[in-house]
Amino acid sequence: MKGLYLTAALFGASSTASKLYTASYAGIVTTLELDSSDEGYELKTVSETTDCGPNPSWLMFDADKNFLFCLDEGLNGPNGTLTSFEVDSDGSLSKVHQLQTVLGPVQSHIYSAGGRTFFAVAHYSGSSVTAYALDPDGVFTHLQTFTYKLDGPGTIPDRQDAPHPHGVVLDPTGQFILVPDLGADLVRIFRINSSSGLLEPQAPLVVSPGYGPRHGVFWTPKDSSPCATSDTRFYMTSELNSHLIGYKVHYPKNGTIAFEKFLDTTSYGGPELPSGATASEIAISPANNHIVISNRADNVFGTNNDTISVFSCADESGNTFTDVDHIGLYPAYGAIPRQFEISGEEEAIAIALQTSQRVAVAGWDDETGSAGPLLAEKDLEGRIVCAVWGDD
């Protein structure tokens, strides 16, 4: 297989190292170094910090500013936190600023307006969306909190007892923030005020009852400029029924954003789901021609070995939309792959394995959109819920 060939080629290269940052519900953010040499690959611990809080849930690496941002979910309450870290030359982390926030932050996204930088956050257990100004020194200033309620339990009462915002997505034009809400079966939509950066609520996208939307991602042609295009697509995972949903995106002249559903299939590409399986993370491959999804608790590759599912969505150039077709399933090399991130430069996918308490790094063939063999893995303390690449 090509993935095996790529791995062999990398093994033959001179020794190189790449950084990974991982978050554990045990309260630890770990910097790892992926070393490659003629002997193979190895993940080594560079540093650890407990400065994010008791339950780190999400990490964002900002290469331009050399910051790592960490959300602490605050599983035992009464609040969560946002923390900015400066990344030192060896990959160790120095805390810059920490701000208390609504309970349950689980995903965030940076956006810009009026020449300034802002930060939007989804709060699962806090049933909220918050927004912050972020200054060049990594200091947060709270701007807005939107808190939601349900009139009654949803279709799946034990999971839809309240609104549960789970993701934050910035549209390709930089004009809208989308927040999939697992508890309310909605995608909450905010227009970004172009001068103040404040979030302005719009009519939500309604999702079928019992789906439980989790995370989403936009696709546009690889060589397109960051503006409205008729080829824009929005793809989303729904956790409660393990579906992949696709929408054509329209930008009406009245300054809104609109969605037309064209795809609704399982995250396995067919009608059957393994019992108890739930879709989790979603991403577009670095080549811009594949949709990649992690599936939890399916045990397809053996007990405690779940899956990475890949769909084609564009031609080889990543510029022309094609029908979405399921390519196949690949091992996640552990249990409950809550989150993953693909590095095109490293030709590797890093997978946060929550129940296995491990991060796994596997080869990634960006041409075919397939995960390759296991390159390295590292057991860590606590449930590992996020792993992101940093600069070399």
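How many aromatic pairs does a search of the whole structure find? The search finds 16. This is a predicted model.

**Aromatic pairs**
- Phe67 and Phe69 form a tilted aromatic pair, with 5.9 Å from centre to centre and 50° between the planes.
- Both of these residues, Phe67 and Phe69, are buried.
- Phe218 and Phe234 also pair: their ring centres are 4.9 Å apart and their planes are at 40°, so this pair is tilted.
- Phe218 lies in strand 17 (residues 213-219) and Phe234 in strand 18 (residues 233-238), so the pair ties together parts 16 residues apart in sequence.
- Phe218 and Phe234 are buried.
- One aromatic cluster is made of Phe67, Phe69, Phe119, Tyr132 and Phe140.

**Charges over rings**
- Arg188 places its charged end over the ring of Tyr148, 3.7 Å from the ring centre.
- Arg233 lies over the face of Phe321, 4.0 Å from the ring centre.

**Backbone exceptions**
- Most residues other than glycine have a negative phi, and most peptide bonds are trans.
- The peptide bond from Gly77 to Pro78 is cis, with omega near 5°.
- Pro78 sits in the loop between strand 5 (67-72) and strand 6 (80-87).
- Asn66 is not a glycine, yet its phi is positive, at about 60°.
- Asn66 is in the loop between strand 4 (56-62) and strand 5, and is partly exposed, with a relative accessible area of 31%.
- Ala297 has a positive phi too, near 60°.
- The loop between strand 22 (290-296) and strand 23 (307-314) holds Ala297, which is partly exposed at 26% relative accessible area.

Methods: Residues are numbered from 1 along each chain as its sequence is written. This is a predicted model: local features need pLDDT of at least 70, side-chain atom pairs count only at pLDDT 80 or more; totals for chains, interfaces and linings use all residues. Side-chain values use heavy atoms; hydrogens and water are left out. Rings of Phe, Tyr and Trp (its six-membered ring) pair if their centres lie within 6.5 Å; planes under 30 degrees apart count as stacked, over 60 as edge-to-face and the rest as tilted. Buried means under 20% relative accessible area, exposed over 50%, partly exposed in between (1.4 Å probe, protein chains only). Helices (H or I, at least four residues) and strands (E, at least two) are DSSP runs, numbered from the N terminus. A charge sits over a ring if NZ of Lys or CZ of Arg is within 6 Å of the ring centre and within 35 degrees of the ring normal.
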